[in-house]
Amino acid sequence: MAASLALTPQLRAQLEAWLAEDLGRGDLSAPALQGCAGRAHWLAKAEGRFCGGVLLEPLLHQLDPKAQVRLLVAEGAPVMPGQRLLELEGSAAALVAVERTALNLAMRLSGIATATAVLVAELAGTGVQLADTRKTTPGLRVLEKYAVRCGGGVNHRMGLDDAAMLKENHLAWAGGVRAAVLAVQASAPWPARVIVEAETEQQAFEAVDAGADGVLLDEFSPEALLALVPQLRQRAASRAGAAPVVLEASGVQPEQLAAYAATGIDLISTSAPVTRSRWLDLSMRFDA
């Protein structure tokens, strides 16, 4: 299923602000294009996954509401050097003015989608999903997480308000795993999930016993998880209501994905596609 992006009022306002940043007081080159219509297309200059083409039309329509964009490649689809990605036509001044903002976003997002797809491919057939983290660029979280989905990954928390993750400081200051979990469960909305980041086997068992929905097993070795995961599953099966627990590994290096996937966990979370990816080189070419 292809990833989708909701053009919410907030996202539209961000696109408007990013375009305004580049326009400043106005494009000084615009008088040379006064009254001219133009056509252009985007090309891939490197192999990867394309992402961000859907942002071009809302950006372009800020300057030319009648401009047209025709996407030739689906979001998240693989592309090759020289491949035409989309075509656009409208006011020549608008095409020139929107170029940099639109390409910058698409190159950044395509780089994330490309890096995600490489890691997802290593997990193919294992049943383990690759999840992102909250290590995103301020202002770009929605788009960077969308790019992860385009690369085949899944989104973890979008923010602090959609799931509670109890980490080392929470557990210490709250007086332990059980106290922290019960405090959150007593006040969080019914659909919210409670996840405990466990750094020891004891914390992992306490999290399951306290009714946590998920346990993030931080920096455990694959060998340790091979023994621990079945025990946690058995422990969860015996608790009230036999509610399942989602087991997740973090602190995983990309070259270790296969070893961790063999342990029986559900998720591997990593910030690498966002924090370590390179922009995918794209360009806009103008038609005569």
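## A strand pair

In β10, V215 has L247 as its bridge partner. β9 (residues 214-218) and β10 (residues 246-250) pair in the parallel sense over five bridges. Strands are DSSP runs of E, at least two residues, and helices are runs of H or I, at least four, numbered from the N terminus. Pairing needs at least two DSSP bridges between two strands.

This is a predicted model: local features need pLDDT of at least 70, side-chain atom pairs count only at pLDDT 80 or more, and totals for chains, interfaces and linings use all residues. Residues are numbered from 1 along each chain as its sequence is written, and side-chain values use heavy atoms, without hydrogens and water.

## The sheet

The open sheet has six strands in the order β6-β11-β10-β9-β8-β7, with parallel pairing. Its edge strands are β6 (129-131) and β7 (163-166).

Helix α8 (residues 222-237) packs on the sheet and touches β9 and β10. Contact means heavy atoms within 4.5 Å. The direction of α8 makes about 155 degrees with that of β10. Angles run from 0 to 180 degrees between N-to-C directions, with axes fitted to C-alpha atoms, for helices over the stretch in contact.

## The cores

The largest nonpolar core has 43 residues. Such a core joins buried Ala, Val, Leu, Ile, Met, Phe, Trp, Tyr and Cys residues through side-chain atoms within 4.5 Å. Buried means under 20% relative accessible area (1.4 Å probe, protein chains only). W42, L88 and L282 have the most contacts inside this core. Its largest share, 11 residues, comes from α3.

A second, separate core has 37 residues, including A210 and Y260.

Methods. Buried means under 20% relative accessible area, exposed over 50%, partly exposed in between (1.4 Å probe, protein chains only).
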